[in-house]
Amino acid sequence: MQEAKKTLVRVIVLIWILAAAVAVTGIVISIFVPFALVPFLLGELLGSTVSMLLMMHRYSTLDVELDMNRKSAVNHSKVMASLRAVAALAALFLAFYMPQWFSPVSVFAGLFATKAAALLYPIVFRTKCLSENK
């Protein structure tokens, strides 16, 4: 589980690196195209925070599911995935309900950082295969 914890920390770092990249891109674009920058940045902060919390939830549920029998673990996994989806949708709903505070586009970008970080993880943190060590 120590390796999983290290992976969790690395993925969270990637989420915040992506959040910084989106924020800097928004700042640069706002120089040329005027738009509400504060809601854009607050939306990115909201989306990335929810993304980080969802990743931590995924880690904690994985730890619980490893101690369950297979059928219970599968059912628990489905319920927890549904709960995470509801949390992400709630963040998006909040952004659409209060666009003066949170830009829905940047909230979506922050939430998408979870997927992007998972895809970028093997590229950024390259690890050697066991077969290469032999």
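Predicted model: local features only at pLDDT ≥ 70, side-chain atom pairs only at ≥ 80, totals over all residues.
If you box up the C-alpha atoms along the principal axes, you get roughly 55 × 40 × 15 Å.

What about burial? Of the 134 residues, 32% count as buried. The accessible surface comes to about 8,900 Å², and carbon and sulfur atoms own 73% of that. And on contacts: take those with a separation of 6 or more, and 70% of them are between residues 24 or more positions apart.

Now, the pair I wanted to show you. Two packed helices are described by the angle between their axes and the distance between the axes. Here we're talking about α2, residues 37–65, and α4, residues 104–124. Their axes come within 7 Å and cross at roughly 25°. That angle is under 35 degrees, so α2 and α4 are roughly parallel to each other. As for the hand, the crossing of α2 and α4 is right-handed.

So which residues of α2 and α4 meet? On the α2 side, we have Pro39, Phe40, Gly43, Glu44, Leu46, Gly47, Ser48, Val50, Ser51, Met55 and Arg58. On the α4 side, they meet Ser106, Val107, Ala109, Gly110, Leu111, Ala113 and Thr114. By class, that contact of α2 with α4 has nine nonpolar, seven polar and two charged residues.

Definitions and conventions: Residues numbered from 1 in each chain as written. Heavy atoms only, no water. Axes fitted to C-alpha atoms, helices over the stretch in contact; angles between N-to-C directions. Helix = DSSP H or I, 4+ residues; strand = E, 2+ residues; numbered from the N terminus. Parallel < 35°, antiparallel > 145°, perpendicular 65-115°, else oblique. Left-handed = near helix turned anticlockwise from the far one by under 90°. Contact = heavy atoms within 4.5 Å. Nonpolar A, V, L, I, M, F, W, Y, C, P; charged D, E, K, R; others polar. Buried < 20%, exposed > 50% of the residue type's maximum accessible area, 1.4 Å probe, protein only. Areas by Shrake-Rupley, 256 points an atom, 1.4 Å probe, with all protein chains shown as cover.
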